[in-house]
Each structure stands twice: as C-alpha cells, then as structure tokens.
Amino acid sequence: MNCGYGEKLILYFYGEAGAGSRSSGQYSSSAIPLSGDETASAVEAHLKSCAACRDAFAALTAAEGLLKESAALPPASALEAVMRQARAAAAGARSPFFAGNRVETAFAGVMAFALMAVFALFPRGTSPELAWNSGLDSSLDSVEYSLYQAQSELTASSGDWEYSYDLLNAERQILDPGEG
Amino acid sequence: MREELSDPELVASFKGGDVEALGVLMERHKAALYGYLLRVTARTDAAEDLFQEVFLKLVHNPGAYSERLKFRAWLFTVARNAAMDYFRREGSRRALTLPQGAFAGDEDGDAPSALEMAASAEPGPQEALENKLLGERIARALETLSQEQREIFYLRHYSELSFKEIAEMLGLPIGTVLARMSRAAARLRGELKKMPQ
C-alpha cells in the first residue's frame, strides 16, 4: 500500500478516524465509538478506488473476526485462587496479632515464656532411670563440681591477697617505724 | 450494587477492605485479559498463571494502581510486563514456520477479491469447512507478523484502548504505533493472498 492511506485506514477501521466512519456505509462492521476529526469520508472514498486498501481492510476484518470467535475465558479456579489469597490477606490485615496490637502480642509472649519455664522446672513423665540414662545427672554433677572448683579458687586467691597485704604492711612498718 | 461502580471506585472499595470488589473487577476484565495472555503466550497454563499474577499484584500491593489512571491501561501494562518476564524466564519465543503459497485475488479490478468475500461472507452449511480453513490461514498469517506488530494488534483488540493510549503505554510516538499497525495490515493482506485456499 503506497497510496499514503495506510495509517488513516487503521484509524478508520478502529473507529478513531472521525465521525461517520466505520459505523455506517459499505465498510461498516463495528459499532466502535468514534473520536477525533479525521476525514472518514475521504477514507471511504479512497477505499472505492484502491483494491490494496480494500484487501487490507478485509484482512483486518478477518483477523479481528478470528480473535472474536476464539475468545476464551479463564477457568473459575484461577479467579477463586486470587479471591482466596485476597481474603487471606484481608483477614491477616484485620488480625490483632498482625495489626500491631502490641499489648496483646507482648502478653502472648509472656504467657508462652511462663509456660516454657513451668515445663522446664517441673518436667513430667520422665522416670529417674530415663534421667540417669540421658546423662542429666552427670551433667548436673559436672556443673556442681565446676561451681565448687571456682569457689575454691576464689577462696585461695582471697587468701593469697590477704597474705601479700600483710607482708607489705610489715615491710612498711620496718621502713617507717614512726607511722602506725 | 458493586457492578454499577466504575473500575477506580471498585479498586478504592477493595483498598478499603471490600474483598468482593476485586471479584467484580476480575469478572469485568477476565475475558479481555485472559484472551490477551492466551494469545501472547499460546499456553493455557501460562495464561492462567499470569492472569492470577496480574490481579495478585493488586492484592499484595494495592497502591500499585493509582485511581488517576485508566484501570484497563494499568491492567494491560502489568499483563504485558508479566508476559515479558514469563518469556525471559522461559527463554523461549514462539517461532512458526509457515507454508508459503499463492492466494488468488483480484488486486487491480473493482470486483471484490476472494479475501474481501471471505471477510464479509455469512457462514452457510457448505461454507463451514471453508470458514474453518480460512480461520487457520488467518491464524498462520497473524504468526507472520513481527513481535512489535503483533503486540500492538493484540493490545488494540483485547484492551480496546485507543492507539494514543497504547502509544503512551508503550512509551512510543503514536506515529510509530500507527505505522506498525499499518504494516501489520499490509502483511496480513499479503500473507492471506499468498496462502492456498
């Protein structure tokens, strides 16, 4: 199509060329609302004398017709999947836990911690044998021994320090008998 | 009641917590959006996934759509981007080898050509098979369009946006969009003439 009507034909075909184009006359095949001020009548007049544009128009009509005939819809499951996620997101946004209700969230945290402490301090359903077999007793013994050892070392250090202090005091009195 | 609301009003309602407003939006645009995605990807599973992806974008980030914009333009922009991402992920582009042949037609005379007659013919009992074959030829002709030409052709058909709006969506001058469509029409005409009846 070297007639210079290529783009005007497109606008005319899709109802964007101006009032009076595709909705009436020999080449009308759609009721698309028209807009703009393109000279649709000039395109119509041109179509009568240009076979190439007529064929292009017919090809567009055929292609548009094929797309209309082969229209398809998404399965209902696709829409339902979106709606499920939308409802879940909305429910999540409304939930006090996620809505920033800090008092309730903090209270829930404290309660969870208290329950964990209770279970840790008062274990139930564990027989002495099981505790022994599990190595719990030996672990506790190790901890106890470590504590005892640390206490002994601390006492020894304290004794050493007192001894050194007395020694220094004695030396000072020798050097300066007038003091003390 | 919801069905009477405009698209931006439905989105605003959805943002306000009315989940069912989203259902109305989907019902309103499902045929156009799914048809476009199915045409572009040529796969029902991909079209379904992308259809959900587009609307889930609104679910997870309602602020992504501004009521100042035309909803359908936003919808097809997101759909186009999602389809491009899909192709990037898949690393595949459809390439169809087309049979070449001759399509008889009177290009110079005033008498209606075979193509003109085919486009305007009303389907009759004997014409059912011919129409089916013609449909197949048109589908093959569409496949010969360049990616840019096909994109604009499909966008115009399914989104029903004006060429000006499509040009804005694609960030192209309207002259470029119209030139591509004009070449697409010429290509369709040429391919349909070449193919055997």
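Author: Helices (H or I, at least four residues) and strands (E, at least two) are DSSP runs, numbered from the N terminus. Residues are numbered from 1 along each chain as its sequence is written, while chains are lettered from A and ligands numbered from 1 in the order in which they are written. This is a predicted model, in which local features need pLDDT of at least 70, side-chain atom pairs count only at pLDDT 80 or more, and totals for chains, interfaces and linings use all residues.

Reader: Thanks! How many helices and strands does chain B have?
Author: Let's take the two chains in turn. Chain A has 7 helices and 0 strands, giving the pattern α-α-α-α-α-α-α along its sequence. Chain B reads α-α-α-α-α-α-α-α-α, and its count is 9 helices and 0 strands.

Reader: Which element of chain A has the highest mean pLDDT?
Author: pLDDT is the predictor's confidence in each residue, from 0 to 100. Chain A averages 75, and 68% of its residues score at least 70. Among its elements, helix α6 (residues 128-133) has the lowest mean, 54, and the highest, 93, belongs to helix α3 (residues 51-69) of chain A.

Reader: And over which residues of chain B does pLDDT stay under 50?
Author: Chain B has a mean pLDDT of 83, with 80% of its residues at 70 or more. For the complex, the predictor gives an ipTM of 0.78 and a pTM of 0.65. In chain B, pLDDT stays under 50 over residues 94-112.

Reader: Which element gives the largest share of the side of chain A that touches chain B?
Author: Two residues are in contact if their C-beta atoms, placed from the backbone, lie within 7 Å. By that rule, 36 residues of chain A are in contact with 43 residues of chain B. The elements of chain A giving two or more residues to this side are α1 (6-13), α3 and α4 (76-94). The largest share, 14 residues, comes from α3(A).

Reader: How many residues on that side of chain A are nonpolar?
Author: Here Ala, Val, Leu, Ile, Met, Phe, Trp, Tyr, Cys and Pro count as nonpolar, Asp, Glu, Lys and Arg as charged, and the others, Gly among them, as polar. The side of chain A that touches chain B has 6 charged and 3 polar residues, and its nonpolar residues number 27.

Reader: What share of the residues in chain A is buried?
Author: A residue is buried if 20 or more other C-beta atoms lie within 10 Å of its own, exposed if 12 or fewer, and partly exposed in between. Of the 197 residues of chain B, 35% count as buried. For the 180 residues in chain A, the buried share is 18%.

Reader: Which residues of chain A does B:Ala185 touch?
Author: B:Ala185 is one of the buried residues of α9(B). Not counting residues up to four places away in sequence, B:Ala185 touches A:Leu9, A:Ile10, A:Ala56, A:Ala59 and A:Leu60.

Reader: How far apart are the end C-alpha atoms of α9(B)?
Author: The expected span of a helix is 1.5 Å times one less than its number of residues. The 21 residues of α9(B) should therefore span 30 Å, and this agrees with the distance between its end C-alpha atoms, 30 Å.

Reader: Is B:His29 buried or exposed?
Author: B:His29 lies in helix α2 of chain B. Leaving aside neighbours within four places in sequence, B:His29 is in contact with B:Arg72 and B:Leu75. Because 22 other C-beta atoms lie within 10 Å, B:His29 is buried.

Reader: Where is B:Ala42 placed?
Author: B:Ala42 has a positive phi of about 60 degrees although it is not a glycine. With 12 other C-beta atoms within 10 Å, B:Ala42 is exposed. Its place is in the loop between α2 and α3 (44-60) of chain B.
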